[in-house]
Amino acid sequence: MTSSYLEANARERIAQVLDADSFEEFLPPSKRIVSPHLGQLDAPVSFDDGVVVGRGSLNGAKIFAAAQEGGFMGGAVGEVHGAKLVGLLKRAVQEQAEGVILLLETGGVRLHEANAGLIAVSEVMRAVLDTRAAGIPVIVLVGGSNGCFGGMGIVARCANAIIMSEEGRLAMSGPEVIETANGVEEFDSRDRALVWRTTGGKHRYLLGDCHGIVADDTAAFRAAATQTLQGFKNNPTALSLQALEAEQAMLEQRIARFGDAADPLEIWQRLGIAKPQDIAMLEAEAFTTLAEPHRVKGQP
Amino acid sequence: MSWQTLADDLFPQGHSITEKADFLSGTAQVDGEVVTIVGTTGHTPIGIEIALSQAQAILQTVRDHPGRAIVILVDTQGQRLRHRDEMLGINSYMAHLGKCIALARQEGHKIIGLVYDQALSGGFITSGLMADACYALPNATIRVMGLPAMARITKVPEERLVELAKSNPVFAPGPENYHRMGGVADIWNGDLAAQLAQALATADGVDRRAAVGLQRGGRNWSQRVVDAIVSDSDVQPL
Amino acid sequence: METLNYRFENGTRKLSAKAELVGVVSSGNLEVLIESADLQGGCAIEIKTAARGFGAIWEAVIGDFNKRWQLADTRISINDMGATPAVVSLRLDQAVESVVEAK
């Protein structure tokens, strides 16, 4: 029996990804640490400001985790929300966690908190890299209906690895924002197939920006998270000149190979996929098998 | 302010900075030392190419010039809003730039950001805001988004946002507000060269922005929430 | 936003001390935080709602809820974003069911 990751809320996701009953929440809702800024816009608050943070275990390993609630303000990051993420990442270092898992579903900076939100996302970015520098792997799961956008789309690519479902999306600017700025010809935000070809899990996997594709199932995310963290057990998690030079080359190559592609289908074709139009139909496992010889293998 | 005028003011001891398609790069002399200069001009949008160019300049410095300081000059209208950039993963290019700056810091380089004209959101979140500290000129414009677009997306009436933007540091664009919130370390008036030298001398690798935001009263919750989680206690009163 | 407060006395059912949260503050939904509290046997319910002017409906829904559960020494706090009475009742019941009854 499968349990949809997409349909689950943040609390359910964290409870199902981590070992049963292992999760202890930091600054739980009963503490009522709410947004100090939403009131002046007459907007409702949430007792956890839209993010659950705490410590638990994953197959016995000590894991710190956060899950953003996509239902509240689109999962966007405000002052308190961002600070909870930073606090979590710092405490993970302090307690020598074996890994940090960030279940991201977010539009990025919470516009209702504008400047505070922007600085908060920047602080999360630095905190993720500091946690990696301390030898702790940080992995990101993306599979909610809001995707992972904005500044948090950047934070995701600062983590060691990203696991996505096909339903998940990872990008920077949303299609609506692009359409508003540069017209429907530039990006038709109502063309769902185009949106998923451009920003969805499968495309990111083929490009090398995401490291695993799973079915929309919390158990599948759990298994992939476990496996991914295992991979970092005796491997470096910190940034290195070598790794970043390799990434520089990969990103240059990407422009050279695909910079003039009009549609992601062309990219998949150039990657050597015989029937790119069939990609959308494939289940996670079948897709992963098909993609294996063709995809760009991005380094964490 | 033109980047040439800025460069002359910042680097009276000399500089050799070139501009190509709004991308600035080169070196300059500060306090008798050579520093790497990287940045943008022309209120350019940050797309995948210019993010990569900046990253390359940073990596070159780390590889070839151990210990050399880096100064990032920021003038941008924000991230480029094109299907192509999203398709190719602009978030990865931005992250890569941010990681290169973090690597430089890790390897002992000092990095200072300066917003000398415009800085919007995604355009400077992985450049200026990833530096050890970010500074701004008094006439700089720093913000997340234009108010009309914000009104459209948040569904909060534009008049309400305009009203709030007059007095509320959270909404008001401008360096004073970012200063108050700890996002900008200081606003530079007068002798830019001296202030840059001072900034480089005092730069360290610790992110103090939340603590500074609390000190200055512009952001009262961030540091207290972080402290509560780290110390496993309640959020302390102001 | 509108804030509404209700209080009931003479409840019979106490809950364990563990606080629980159900629901999400999304459009048409609400979150309910339920905790035990020393209220001299009373049950206090505070609602912060984005939908103004529905006091009478809340009163009816909360009144029914109290008749159903008769909670004592319980504090319930709600952040609501325009949920229908049916959804409110559902979440309230879910909240109570999520908390183990004290012996």
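**Talking through a predicted three-chain model**

Mentor: Let's start in chain C, where helix H1 (residues 55-69) lies across S1 and S4 of that chain, running at about 30 degrees to S1(C). Keep in mind that this is a predicted model.

Trainee: Which strands does the sheet of chain C hold, and in what order?

Mentor: The order is S1-S4-S5-S3-S2 (chain C), an open sheet of 5 strands with mixed pairing. From one strand to the next, the twist averages 15 degrees.

Trainee: What makes S1 and S2 of chain C edge strands?

Mentor: Strand S1 (2-8) and strand S2 (20-23) of chain C each pair on one side only.

Trainee: How do you know that S1(C) and S4(C) count as a pair, and in which sense do they run?

Mentor: Pairing takes at least two bridges between the strands. S1(C) and strand S4 (residues 43-49) of chain C have 7 bridges, so they qualify, and their sense is antiparallel. For one place to look, find Thr3(C): its bridge partner in S4(C) is Lys48(C).

Trainee: How many helices and strands does chain C have, and what pattern do they follow?

Mentor: There are 2 helices and 5 strands in chain C. Along the sequence they follow the pattern β-β-β-β-α-β-α.

Trainee: Why is chain C called as compact as a globular protein of its length?

Mentor: Set the value against the rule: for 103 residues the globule rule gives 13 Å, and the radius of gyration of chain C is 13 Å, close to that, so the chain is as compact as a globular protein of that length. Its C-alpha trace spans about 35 × 25 × 20 Å along the principal axes.

Trainee: Now for the chains together. Which chains share the most contacts?

Mentor: Chains A and B do, of the 2 pairs of chains in contact. Chain B and chain C do not touch, and their nearest C-alpha atoms are 13 Å apart.

Trainee: What makes up the contact of chain C with chain A?

Mentor: Chain C gives 14 residues and chain A gives 12 residues. On the side of chain C, the largest share, 3 residues, comes from strand S3 (residues 30-36). By class, that side of chain C has 8 nonpolar, 3 polar and 3 charged residues.

Trainee: Back to chains A and B. Why are H9(A) and H4(B) called roughly antiparallel?

Mentor: Helix H9 (residues 241-258) of chain A and helix H4 (residues 90-106) of chain B pack at an angle of about 155 degrees, with their axes 11 Å apart. Angles over 145 degrees count as roughly antiparallel. The two helices are therefore roughly antiparallel to each other. As for handedness, H9(A) passes H4(B) in a left-handed crossing.

Trainee: Which residues make that contact?

Mentor: From H9(A) they are Leu241(A), Leu244(A), Glu247(A), Gln248(A) and Leu251(A). From H4(B) they are Ser92(B), Tyr93(B), His96(B), Lys99(B), Cys100(B) and Leu103(B). The classes come to 6 nonpolar, 3 polar and 2 charged residues.

Trainee: What is the strand order of the 7-stranded sheet in chain B?

Mentor: That open sheet runs S1-S2-S3-S5-S7-S9-S11 (chain B), with mixed pairing. Its edge strands are S1 (15-20) and S11 (186-187) of chain B.

Trainee: How do you know that S7(B) and S9(B) pair?

Mentor: Strand S7 (residues 111-115) and strand S9 (residues 133-136) of chain B have 4 bridges, in the parallel sense. The cut-off is at least two bridges, so they count as a pair. Val115(B) stands opposite Ala136(B) in S9(B).

Notes
Residues numbered from 1 in each chain as written. Chains lettered and ligands numbered in written order. Predicted model: local features only at pLDDT ≥ 70, side-chain atom pairs only at ≥ 80, totals over all residues. Contact = placed C-beta atoms within 7 Å. Nonpolar A, V, L, I, M, F, W, Y, C, P; charged D, E, K, R; others polar. Axes fitted to C-alpha atoms, helices over the stretch in contact; angles between N-to-C directions. Parallel < 35°, antiparallel > 145°, perpendicular 65-115°, else oblique. Left-handed = near helix turned anticlockwise from the far one by under 90°. Rg over C-alpha atoms; globule rule 2.2 N^0.38 Å.
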